[in-house]
Each structure stands twice: as C-alpha cells, then as structure tokens.
Amino acid sequence: MLTIKDLNASYGAITALHGLSLEVEEGELVALLGTNGAGKSTTLKSICGVLKPTSGTVTFLGEEITGKTPEAILRKGISLVPEGREIFTSLTVSENLRLGAFSSYNKKRYQADLEEMFELFPILKDRFNQPGGLLSGGEQQQLAIARALMSHPKLLMLDEPSLGLSPTLVNQIFDLIAKLRERGTTILLVEQNAERAVHLADRVYVLNTGNLEFAGTPDQLEKELDIADVYFGGDGEGHHEVTL
Ligand SMILES: Nc1ncnc2c1ncn2[C@@H]1O[C@H](COP(=O)(O)OP(=O)(O)OP(=O)(O)O)[C@@H](O)[C@H]1O
Ligand SMILES: [Mg+2]
C-alpha cells in the first residue's frame with residue numbers, strides 16, 4: 001500500500017533521515033520505533049507532505065506522492081494524527097470533527113460517521129458542543145483520532161498517541177488502536193511505548209538517528225534485539241548489529 005524508498009529528509013543542515021526504506025501493506029499495523037530524535041516524526045511528516053524530502057520516493061497505492069501537498073495526500077487517503085494532538089482548542093468537538101470530514105463531506109455519510117465515532121468514543125458525544133480545549137489530554141487524543149478517521153483514511157498514521165497520558169488512558173488508547181486494526185484500518189504507529197506497540201504490531205521498524213536499525217516481525221525483534229535497547233536507546237554492546 002505504502003512504499004518508501006531511499007528517503008532523505010533534512011532540516012537545513014541537519015539530515016534527519018538517511019536513505020530510509022519502509023513498507024506498509026494493506027490491513028497491517030506497522031510500528032515505527034526509536035529514541036528521541038531518531039526521525040520517526042520526520043518520516044510521518046515526509047509521508048503526509050508537511051515536509052518535502054530531499055530525495056527518495058513515497059508511493060501510495062501505486063502512485064508516487066513524493067512532494068505533493070498535504071491536502072492532496074489527505075485526499076488520497078493518508079491521515080496523520082500529529083504529535084501533541086493539535087486539535088482546535090477554541091472550536092467545539094463538533095466543529096473539530098466537521099473539519100476532519102472536509103475532504104469528503106456528504107450529509108448522510110457525515111451523520112453515519114458521527115454515529116460511528118460516538119460508538120468508538122462515547123465521550124465525544126457527551127462533549128459534542130464543548131470547546132476542544134476543555135477536554136482532558138486523553139479526551140483530546142480521542143478527538144484527534146476521531147477527527148482523522150472522519151476523512152475515511154486508507155492509511156492512518158499516529159504519532160505517539162499515548163504520550164503524556166495516564167496509565168489508564170494509555171490502556172484505552174491501545175485498546176482503541178487494537179479495535180481500529182480489527183476493523184481493517186491500516187495503521188502506521190509511532191510510539192515511545194515500544195513494548196505495547198510491538199505487542200500489537202504485525203511488523204516493526206526501528207530507527208536510530210535517521211538510519212534503519214531493524215525491520216522485521218515482533219518475534220524477530222524479540223530474538224534479535226533486547227526490547228530494552230529499543231526503549232532506552234541501546235547499550236553499545238553490539239545488540240544493534242542486526243541485518244535483515
Ligand atoms: N523543525 C525542525 N528543525 C530542525 N531540526 C529538526 C526539526 N524537527 C526535527 N528536527 C531534528 O530532526 C531529527 C529527527 O527529529 P524527529 O522529530 O523526526 O524525531 P522523533 O524520532 O520523532 O523524536 P521524538 O521521539 O522526540 O518525537 C532530530 O535530530 C531533530 O532535532
Ligand atoms: Mg516525534
């Protein structure tokens with residue numbers, strides 16, 4: 001479904017991705033892991049068009065989308081829930097959801113989609129007319145995910161959805177991701193919570209300072225890499241010399 005080949009991305013003089021190649025098949029949940037600054041968000045930004053890669057290609061459903069605008073890429077069916085949620089705090093829950101549906105607005109379908117969101121996220125029904133800014137962190141995260149889903153993405157990308165949430169809310173978010181995956185949503189998940197993400201994932205990529213360090217299944221990862229290394233950034237004892 002999504003194929004990234006030899007992607008390089010930089011911020012001025014800082015190169016954040018060095019020739020990254022990665023693939024997501026339809027129906028898969030792929031986890032993208034790595035320590036702070038590894039290039040995870042940069043990867044998602046390059047896919048959704050917020051950042052123009054310096055070289056390499058992004059192909060989605062057989063069409064090259066490298067360098068297209070974020071709007072064009074959203075219309076093709078890729079939706080990003082960015083790090084830090086970025087909901088509109090002064091707009092109501094209702095207005096936030098309405099904005100998420102902008103690219104495919106159809107009144108009948110919109111109502112049906114809302115009902116579906118209320119089923120997935122009951123809190124959004126209770127808070128429908130309240131400003132997004134009055135929601136708790138976990139509720140805002142649910143709103144951000146619901147907003148992304150309103151555009152009927154073929155590929156949903158989540159950037160650290162559990163960041164800053166209490167353990168209970170983290171559980172809720174992971175339950176929700178599992179539910180979305182069961183419904184057949186293809187997901188590219190960036191997480192600091194490596195163990196939880198690996199547990200859910202079909203396949204895993206690990207980035208280290210812009211380089212791909214591991215690509216494989218959770219089983220392979222467990223065998224070949226100490227999970228603590230992924231979480232804490234490695235111990236320098238050679239655990240990272242993984243070739244697949
Ligand atoms: N807007 C920016 N301007 C300059 N450098 C940036 C910018 N955004 C990211 N970087 C740099 O690019 C590299 C990759 O950053 P990125 O945000 O992709 O990491 P990340 O894996 O998402 O990390 P985190 O887990 O902290 O979110 C880092 O060295 C970072 O400092
Ligand atoms: Mg990030």
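Helices (H or I, at least four residues) and strands (E, at least two) are DSSP runs, numbered from the N terminus. The structure is a predicted model, in which local features need pLDDT of at least 70, side-chain atom pairs count only at pLDDT 80 or more, and totals for chains, interfaces and linings use all residues. Residues are numbered from 1 along each chain as its sequence is written, and chains are lettered from A and ligands numbered from 1 in the order in which they are written.

Ser136 lies in the loop between H5 and H6. Burial is judged by counting other C-beta atoms, placed from the backbone, within 10 Å of a residue's own: 20 or more make the residue buried, 12 or fewer make it exposed, and counts in between make it partly exposed. Ser136 counts as partly exposed because it has 13 C-beta neighbours inside 10 Å. Between Ser136 and Leu165 there are 9.5 Å in space, C-alpha to C-alpha, although the two are 29 residues apart in sequence.

Helix H6 covers residues 137–149. From its first C-alpha to its last, this helix of 13 residues reaches 18 Å, close to the 18 Å expected at 1.5 Å a residue; the expected span is 1.5 Å times one less than the number of residues. H6 is mostly covered, with eleven of its 13 residues buried. Among them are Leu143, Ala144, Ile145, Ala146, Ala148 and Leu149, and also Glu139 and Arg147.

A nonpolar core is a set of buried Ala, Val, Leu, Ile, Met, Phe, Trp, Tyr and Cys residues joined through C-beta atoms within 7 Å. The largest such core has 61 residues, and Met157 and Leu189 have the most contacts inside it. H6 provides the largest share of this core, six residues. In soluble globular proteins, nonpolar side chains tend to be buried together. Two residues are in contact if their C-beta atoms, placed from the backbone, lie within 7 Å. With neighbours within four places in sequence left aside, Met157 is in contact with Leu44, Ile47, Cys48, Ile78, Ser79, Leu80 and Leu188.

Strand E3 (residues 29–33) is also mostly covered, and five of its five residues are buried. Leu29, Ala31 and Leu33 point one way from the strand, while Val30 and Leu32 point the other way. Two strands pair if DSSP finds at least two bridges between them. E3 is joined by four bridges to strand E8 (residues 186–190), and the two run parallel; Leu32 has Val190 as its bridge partner in E8. Four bridges also join E3 to strand E9 (residues 203–208), again in parallel, and Val204 in E9 is the bridge partner of Ala31.

An open sheet of four strands has the order E2-E1-E4-E5, with antiparallel pairing. E2 and strand E5 (63–64) are the edge strands, each pairing on one side only. Strand E1 (residues 2–11) runs antiparallel to E2 and is joined to it by seven bridges. One bridge pair is formed by Ile4 and its partner in E2, Leu22.

Ligand 1 is surrounded by 13 residues, of which the closest are Tyr11, Asn36, Lys40, Ser41 and Thr42; a residue is near a molecule if its C-beta atom, placed from the backbone, lies within 6 Å of it. Strand E2 (14–24) and helix H1 (40–48) are the elements that give two or more residues to this shell. H1 gives the most, with three residues. The shell has four nonpolar, seven polar and two charged residues, where Ala, Val, Leu, Ile, Met, Phe, Trp, Tyr, Cys and Pro count as nonpolar, Asp, Glu, Lys and Arg as charged, and the others, Gly among them, as polar.

Most residues other than glycine have a negative phi, and most peptide bonds are trans. Leu61, in the loop between strand E4 (55–60) and E5, has a positive phi near 50 degrees. His152, in the loop between H6 and E7, has a positive phi of about 50 degrees although it is not a glycine. Leu61 counts as partly exposed because it has 14 C-beta neighbours inside 10 Å, and His152 counts as partly exposed with 15.
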